[in-house]
Amino acid sequence: MKLLKYFPLAAENIAARKLRSILTMLGIIIGVASVLTTLGIGRGASADIMQQIASEGITILNVESGGYSDQTWTSGQPLTMADVTALSDRSLHPDIDQAVPLYRQYIHLGTGNSSMFMEVVGTTPAYAAIHNLELAQGRFLTEQEIAQRTKSVVIGADVAQRQFAGADAVGKSLRIANQPFTVVGVLRKRGWDRFGNMDIRAVIPLAVAQDRLRSTSPAHRHRGEYTVSEIQVNAVSIERLDAAARQVEQTLRLRRALAADEPNDFSIESQAWLLETANSVAATLTAFLAGIGAISLLVGGIGIMNIMLVSVTERTREIGLRKAVGAHNRDILLQFLVEALMLTLVGGLIGIAISYGLATIVERFSSPDFPLAVLIEPGSLAAAVSVSAACGLLFGLYPAIRATRLDPIDALRHE
């Protein structure tokens, strides 16, 4: 409690020299504001990168039959609907959100100027959810259409443009492998991602694809189950991606009765490396920006020390008088340390307020083509206050020690 009595005295001394105090705090204000703003820009950029990666299906594991063994591709047992059912058991696979079967074929569509190769994907409604698909017209496939094997189709933007010349395609008929399908939805233009070009894709019910596309490639059965081209497994989160991959591997190895020394006869494609690269780039960017801001904070701290040294010189007679009436060196030390601490803390709080203002200004210049976000986290605020206090103690210590070393008699004689 004795320490609290020094704060009113420090506040009085700061108020007595308003202009000098403001100029002294300026370095800390700029330092804290620049550190928080640059850290916020780094974290905002990191969050934007992660969001873009997530929209590209980073949490999706692509499982296919066959795999590399000693740099040689070997075919394996085909994937079946029984594998999909097994991987969909959440009690055995807590890190897997959904297992979505796909049956793919490329089909030549139309004639003349509207002729094109289209990728036909037979799947379930969960396909739209894991790929974050957006619709420009209509809707996606429903569970009822899947169960009833309805010949419905959702087409990509380029397919709609080529076949229907940009007109409303919903409700119209599209022939796929000489079979009439009713268009129920058109996907918003998206372009290429890690799974191909969504704009030249047509999505139909899985069982329909397996039944109706036999003319181009029969849907073979394996052990009484329909085979699928691949299984896309969606992890519950980016952080659980590796765990989900391990669960997929363990289940498929058990189902194939592979011995411990036998290699996988299936492959699991993961984009975890992309996430690691993005995290590394984001961490480097944040550290670089924080380093620039820290230089400003260091300069501000040196400014605090210089002004406190000047203050000690100006108040030499005051220090001598206080010592003459019984003040201990500890009292003198605490007086100057508290004063330096108050300067840096007030400067830090002002810097925090300015950083929020800068964040608002920066975000107003944001656009979809050039997104700008300043993400100021609670941890950064706590760090800013702590660093401000540390600067006050560190850079105020030497002037305070110098004040305690003054001889009372020489101090009283000082002009």
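Predicted model: local features only at pLDDT ≥ 70, side-chain atom pairs only at ≥ 80, totals over all residues.
Now show side chains on helix 6, residues 157-164. The buried ones to pick out are Ala157, Val159, Ala160 and Phe164. Turn the view until you look down the axis of helix 6: these buried residues fall within an arc of 160 degrees, so they line one face of the helix. Step just past the end of helix 6 and you reach Ala165, which has a positive phi of about 50 degrees.

Next, colour the largest nonpolar core, a set of 24 residues. The members that touch the most other members are Val153, Ile155, Leu174, Ile176, Val183, Ile204 and Leu213. Several elements each supply at least two residues of this core, among them helix 6, strand 5 (96-109), strand 10 (179-187) and helix 7 (206-212). Another core lies apart from this one; it has 22 residues, including Ile29, Leu297, Ile304 and Val338.

Go back to Leu213 and zoom in. Leaving out residues up to four places away in sequence, Leu213 touches Tyr103, Gln105, Ile107, Val120, Ile176, Ala177 and Val208.

Then jump to Asp83, in helix 3 (residues 81-87). Is Asp83 buried or exposed? With a relative accessible area of 3%, under the 20% cut-off, Asp83 counts as buried. What does its side chain make a polar contact with? Select Arg255: the two side chains make that contact at 2.5 Å.

Glu249 is your next pick, in helix 8 (residues 241-255). Glu249 is partly exposed, at a relative accessible area of 30%. Beyond four places in sequence, Glu249 touches Asn264, Phe266 and Ile268.

Last stop: colour by pLDDT. The chain averages 78, and 78% of its residues reach 70 or more. Confidence is highest in strand 8 (residues 152-155), with a mean of 92, and lowest in helix 13 (residues 408-413), with a mean of 54.

Methods
Residues numbered from 1 in each chain as written. Heavy atoms only, no water. pLDDT = per-residue confidence, 0-100. Helix = DSSP H or I, 4+ residues; strand = E, 2+ residues; numbered from the N terminus. Core = buried A, V, L, I, M, F, W, Y, C linked by side-chain atoms within 4.5 Å. Buried < 20%, exposed > 50% of the residue type's maximum accessible area, 1.4 Å probe, protein only. Contact = heavy atoms within 4.5 Å. Arc of directions from axis to C-beta. Polar contact = N/O pair within 3.5 Å; in protein donor to acceptor, adjacent residues only side chain to side chain.
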